[in-house]
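User: I'd like to know what the labels on this model actually rest on. Can we go through them one at a time?

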Amino acid sequence: MTNRQLFAAIGEIDDVIINEASTARINSVKQPWLKFAGVAAAFALIIAGAVMLPKILAPVEPAPDLPKLNAAYENYNAMGFEGHMAYDISELNSGNPWDVNNKITQLPVFINTMIRDRYGLYDNGLTAEEMLEKVQQAAQVLGLEVGESYTVPTLEQIEMITEKIMSMGDYEGLEQDIAANTAVQNATVKCTNGVRIEITPDGYLRLYLTLETADLVYEADKLLEISDSFVIWFDPVMQLPGEYNFTYDYAGDEQALEVTQYLLSQYGAFAGIQQPGYNLFADYNIYAERMLLYYTVFENSGSPTEQLLNHQFNNIHFSPSDEGGMSAIRYNKTDLSELVGYYPIITAEEARELLVSGEYYSSVPYDITGAENIGKVEMVYHTSPWNEMFIPYYKFYVEVELGNLSAGMKQYGVYYVSAIHPDYIESTPINIFN
């Protein structure tokens, strides 16, 4: 696989992976390494703040109406090393609107309304019948004639699998395995004009357009009647005017901004963005080639908290193809309707002290050797579908020593510290990944 093909593939990864590129290891000076055995290829991370308040933090009086949080961080897709290569930390710019001067003292915590279990099943997902109904409605709002509709697996296949398992006799205690093997992954309609529409149990729509039906992209606003989040795929890819460079090869800040502004103006009106902020994140590969990973736009108006939430949860993302055209448009709007409450947060400086003292988790297999190696810090929310809640964390970029880097190149590992004050966290960090 070429480097360009690799980054094109990144653009086609499910939005869960786009929004969650982190996690594998929790490091705490208070806990030994523990091994975790789970479902094959499934990794779990659990993190929570300390019961014993670190001495470097002043205690706060917990508000009686705020429940303590289980700051568990679980990601059953967690793999690998989260890090970025750059010649200078300033090159790693995600467009995050938060900065240390915002003086935010509290942040909201939300319940994840579409949480998955380790089998990938949703607690509140759509049933097969509901998915079929919604995907057919999506075809109707686009004025398309449905030729065929079905679920994957089909309802007939689900019935056969269930009967076979039950015929084996003693299946007590295997309810989760039965559910995992019979879960509907999506419902699909094939329209008579070649358009295909899918929907997943979380209500996420996928619209597949052909060259002849590509103009339906201009009717994307109609999909909002069915779902808050969707992706539009183009096959073949949507070609852009020749003056726009739209690939994963980095052509400079000015060119990246120019093409993103063009795409937003041409294809992103349905997002309703009035004051755009841009996440044009680029780093380097092992060949010292700078690659642009994200062409993402979010609403950058309102309070600092609103800007942060939009950056993390509500955005539109344009994906280039290996040939230079547009392969997909993703519109992401996470359900934040269930607010747990606004929680006091620690300062970035307090989080830095916790980081240096070892109170962090990371997929990076290197301990922090000193504060002088910290490049920068951001405020982020983890958006893993396996988390019960969406909780804010400080994200630190820390220079680590790796060999075989190009001259002048630096490697920055990513480390996380919970932003919630430890008085509101109910358990101690536990490392269950080795």
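This is a predicted model: local features need pLDDT of at least 70, side-chain atom pairs count only at pLDDT 80 or more; totals for chains, interfaces and linings use all residues.

User: Why is Tyr284 called buried?

Analyst: Tyr284 has 11% relative accessibility, and the cut-off is under 20%, so Tyr284 counts as buried.

User: And what makes Tyr87 partly exposed?

Analyst: Its relative accessible area is 31%. That value falls between the 20% and 50% limits, so Tyr87 is partly exposed.

User: How do you know that Tyr87 and Tyr284 form an aromatic pair, and what kind is it?

Analyst: The structure holds 16 aromatic pairs. Rings of Phe, Tyr and Trp (its six-membered ring) pair if their centres lie within 6.5 Å; planes under 30 degrees apart are stacked, over 60 edge-to-face, and the rest tilted. Tyr87 and Tyr284 are 5.1 Å apart centre to centre with 85 degrees between the planes, which makes the pair edge-to-face.

User: Why say that this pair ties together separate parts of the chain?

Analyst: Tyr87 lies in the loop between β2 (83-86) and β3 (106-111) and Tyr284 in strand β10 (residues 282-284), so the pair joins parts 197 residues apart in sequence. Strands here are DSSP runs of E with at least two residues, helices are runs of H or I with at least four, and both are numbered from the N terminus.

User: Which charged residue lies over the face of Tyr250, and how do you know?

Analyst: Arg290 does, at 4.1 Å from the ring centre. The rule asks for NZ of Lys or CZ of Arg within 6 Å of the ring centre and within 35 degrees of the ring normal. Lys376 is handled likewise: its charged end sits over the ring of Tyr397, 5.0 Å from the centre.

User: What makes Ser227 buried, and what does its side chain reach?

Analyst: Ser227 is at 7% relative accessibility, so it counts as buried. Its side chain reaches the backbone oxygen of Gly203 at 2.5 Å and that of Ser229 at 2.8 Å. A polar contact is a pair of N or O atoms within 3.5 Å; within protein, one must be able to donate a hydrogen and the other to accept it, and residues adjacent in sequence count only if both atoms are side-chain atoms. Ser227 is found in the loop between β7 (205-209) and β8.

User: Why is helix α7 called largely enclosed?

Analyst: In α7 (residues 304-313), 8 of the 10 residues are buried, so the rest of the structure largely encloses this helix. Among those buried are Leu308, Leu309 and Phe313.

Notes:
Residues are numbered from 1 along each chain as its sequence is written. Side-chain values use heavy atoms; hydrogens and water are left out. Buried means under 20% relative accessible area, exposed over 50%, partly exposed in between (1.4 Å probe, protein chains only).
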